[in-house]
Protein chains: 2
Amino acid sequence: MKRILCLLLLLAGLAAGAQEMNSLQFRARVVSPELSQDAVTFRFAAPKARIVSVSASWMGYRSEPMKQGPDGIWTWTAPLPEPELYTYTFQVDGVTVLDPANVFVVRDGARYMNAVLIPGGYADAYAQSAAPGNLEQVWYHSAENDMVRRLYVYTPACYDRNDKKTKYPVLYLLHGGGGDEDAWATLGRTCQILDNLIAQGKAKPMFVVMPNGNPNQYAAQTLGIPVKTDIRQYASGFDNYSSLTADIVPFIEKTYPVIKNRKGRAVAGLSMGGGQSFFIAFRNVDLFSSVGIFSSGLIGANAIGGAPFDGEAIIPGLYSQPAKFNRFDVIYLSCGEEDNRIDGMKDFKAKLDGKGYKGVVWEQYPGGHEWKVWRRNLASFVQLLFK
Amino acid sequence: MKRILCLLLLLAGLAAGAQEMNSLQFRARVVSPELSQDAVTFRFAAPKARIVSVSASWMGYRSEPMKQGPDGIWTWTAPLPEPELYTYTFQVDGVTVLDPANVFVVRDGARYMNAVLIPGGYADAYAQSAAPGNLEQVWYHSAENDMVRRLYVYTPACYDRNDKKTKYPVLYLLHGGGGDEDAWATLGRTCQILDNLIAQGKAKPMFVVMPNGNPNQYAAQTLGIPVKTDIRQYASGFDNYSSLTADIVPFIEKTYPVIKNRKGRAVAGLSMGGGQSFFIAFRNVDLFSSVGIFSSGLIGANAIGGAPFDGEAIIPGLYSQPAKFNRFDVIYLSCGEEDNRIDGMKDFKAKLDGKGYKGVVWEQYPGGHEWKVWRRNLASFVQLLFK
């Protein structure tokens with residue numbers, strides 16, 4: 001019996017290999033995900049599987065068992081969650097599997113997941129604009145890292161490379177510890193958010209530069225370029241991303257028609273990138289006029305097992321000489337309400353207020369340490385910039 | 001018993017969901033693929049799976065059973081194949097799965113696969129260059145398709161957007177029926193191939209424009225933009241890609257510092273894109289000076305169930321008035337030796353020779369209807385261009 005089962009499964013495996021050549025046809029047979037007015041249905045063809053579940057971001061990736069029909073297709077239907085961009089995967093007999101019926105796939109660091117966009121409401125900010133800006137994958141030489149590295153540049157739809165007169169402000173936008181230069185463009189929907197806000201007149205046309213804040217990575221690893229050391233050694237920490245001011249800002253200002261003073265420069269980032277943004281901005285008040293710190297583990301360190309955040313110690317004068325630093329147009333601070341970094345972030349906000357800092361903005365959103373919070377942070381922050 | 005099994009598997013599923021949050025750590029535990037001097041080893045952690053196999057492109061995607069160790073990790077070791085870029089997936093109990101230990105993933109149409117680069121020999125053409133050119137994801141308005149569409153532009157490392165004097169030739173490079181504007185840049189290694197050949201002085205610095213030849217697709221579907229109709233309706237056929245000359249060439253020549261005459265324009269493509277290139281070049285002898293036709297199903301139609309290729313009927317005068325068309329610097333024709341389109345392609349080559357066409361180049365490579373052939377086609381073709 002066991003031998004027959006194994007033989008059947010081997011044949012199924014062979015068939016799967018052959019079917020791959022016809023995946024376009026195969027896709028059409030199973031529709032997943034399917035959105036109706038009030039429900040979302042996932043489907044997955046796995047006739048030989050014993051147990052299949054789906055885990056989706058709006059349920060905190062909790063596994064929900066799927067039900068197998070007589071056609072071998074597993075199904076799970078849930079009430080439609082609120083409009084947002086969600087990620088999900090299937091688990092087949094304990095193994096994580098992508099939905100072969102859904103070509104919309106995103107990567108978060110080393111991990112691939114399917115995505116589904118529930119339209120309407122706030123998620124319309126993520127929709128494709130009628131006038132999209134471009135995204136450039138750009139190589140530059142980093143003297144700080146002694147390597148050729150890659151960054152992404154978003155250019156707004158109005159940018160015309162033959163126009164030598166118009167100069168644009170630049171937002172330098174930093175990813176978290178597990179990400180790379182691709183994260184903000186895909187999971188962050190940066191292009192779509194900027195496209196829509198610029199088209200609506202709610203944000204100034206700007207360039208957004210998305211570098212790779214993990215010094216051991218040559219570039220987005222999907223190119224097959226080996227990382228310099230083990231991928232887990234991403235801990236550039238928050239402190240040593242000096243490449244941004246040493247390499248990247250000069251490169252961008254030499255290459256693109258951008259404004260070359262502090263009024264035309266802002267820096268923001270999420271998690272590790274939020275900590276990096278804190279250092280970069282407060283160490284370079286003469287270079288940046290606005291800073292966005294999203295869900296920083298540096299500032300909210302206490303709750304996640306790190307050393308308590310002592311702003312005065314790491315930026316001498318931060319609290320004792322506020323006049324030295326109180327030149328920012330915007331100090332945007334935000335955290336997810338279920339993210340345990342929130343208390344540290346709120347405490348920082350209170351300290352800045354107590355020292356009379358101007359331009360401090362606090363926002364909190366439902367959610368944990370996750371992209372649905374950071375996409376809203378980006379959308380809010382860019383509307384405040386370069387006024 | 002069955003209930004206990006299901007419970008265990010459900011718990012494994014829950015654990016898998018939780019583990020995803022730590023995929024960076026998880027990755028380090030299982031190394032896959034691992035290359036040694038003479039072997040490649042794939043590993044996959046699936047303690048609960050009954051049968052796991054691997055299918056790799058160098059074995060024609062034939063499923064090879066993996067062997068489970070006492071730690072629950074399945075392993076398969078094979079002699080190292082010749083240097084090349086290969087793709088593979090795992091099959092777990094009949095379901096296709098990506099290798100979670102390998103972040104190098106490519107997409108072919110609707111299908112995701114892992115990739116592995118066996119270095120050395122010819123595959124060094126695919127390696128990362130010390131001076132990489134950039135890749136731009138660019139939106140343009142297509143009047144022909146009545147939509148805003150996306151294309152990719154490769155710009156060589158020497159391109160300086162502040163230099164208004166240097167003008168570059170352009171290769172328009174078309175994907176196959178299942179692909180989109182992403183295919184040549186990822187599976188085709190276009191950037192790496194051009195970077196290396198340009199750095200070695202073997203190819204002229206040029207721009208490479210990679211549009212989307214499937215009119216029903218708005219853009220690479222990984223953006224979550226819906227396709228206009230069912231994805232299977234890719235059959236723009238070979239005949240109606242008029243958007244290239246109507247929309248794309250004018251857009252590129254308005255936007256980039258490129259040579260605006262036939263000597264600075266070439267067109268090439270694989271499979272469906274090869275058929276499109278045939279029509280575009282022979283219908284526009286005044287616009288293009290060179291053409292590359294890789295593994296065309298139009299020209300090799302007979303063997304794949306299509307109507308026999310009648311060049312004279314579809315391009316009147318092709319054989320009867322060769323002087324009208326014999327203005328090309330290069331007519332590059334190629335096919336994989338195990339691709340059944342090869343006889344039709346060879347027959348076309350013989351017919352052109354028989355009519356006295358100049359600049360006809362024939363190459364054949366080991367392989368079927370697959371990327372390892374097309375990557376070599378690209379590398380050969382670009383070395384012949386713009387001389």
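Two strands count as paired here if DSSP finds at least two bridges between them. With that in hand, here are some close-ups of this predicted model.

**Close-up 1. Strand 2 and strand 6 of chain B run antiparallel to each other.** The pairing joins residues 39-45 of strand 2 to residues 73-79 of strand 6 in chain B, over 7 bridges.

**Close-up 2. The open sheet of chain B has 4 strands.** Their order is 1-2-6-5, and the pairing is antiparallel. Strand 1 (34-35) and strand 5 (67-68) of chain B stand at the edges with a single partner strand each, so one side of each has no neighbour in the sheet.

**Close-up 3. Chain A also holds an open sheet of 4 strands.** The strand order in chain A reads 1-2-6-5, with antiparallel pairing. At the edges are strand 1 and strand 5 (67-68) of chain A; each has a single partner strand, so one of its sides is left without a neighbour in the sheet. Within this sheet, strand 2 (residues 39-45) and strand 6 (residues 73-79) of chain A are joined in the antiparallel sense by 7 bridges. A handy pair to pick out is Val40(A) with its bridge partner in strand 6, Ala78(A).

**Close-up 4. A cis peptide bond links Ser32(A) to Pro33(A).** Omega for this bond is near -10 degrees. To find the spot, follow the loop of chain A between helix 2 (23-29) and strand 1 (34-35), where Pro33(A) is found.

**Close-up 5. In chain B, the bond from Ser32(B) to Pro33(B) is cis.** Here omega is near -10 degrees, and Pro33(B) sits in the loop that lies between helix 2 (23-29) and strand 1 of chain B.

**Close-up 6. Phe386(A) has a positive phi without being a glycine.** Its phi is near 60 degrees. Phe386(A) belongs to the segment after helix 10 (371-384) of chain A. Is this residue buried or exposed? Phe386(A) has a relative accessible area of 15%, so it is buried, the cut-off being under 20%.

**Close-up 7. Tyr61(B) is a non-glycine residue with a positive phi.** The value for Tyr61(B) is about 60 degrees. Look for Tyr61(B) in the loop between strand 3 (52-56) and strand 4 (63-65) of chain B. Tyr61(B) counts as buried because its relative accessibility is 15%.

Terms used: Residues numbered from 1 in each chain as written. Chains lettered and ligands numbered in written order. Predicted model: local features only at pLDDT ≥ 70, side-chain atom pairs only at ≥ 80, totals over all residues. Heavy atoms only, no water. Helix = DSSP H or I, 4+ residues; strand = E, 2+ residues; numbered from the N terminus. Buried < 20%, exposed > 50% of the residue type's maximum accessible area, 1.4 Å probe, protein only.
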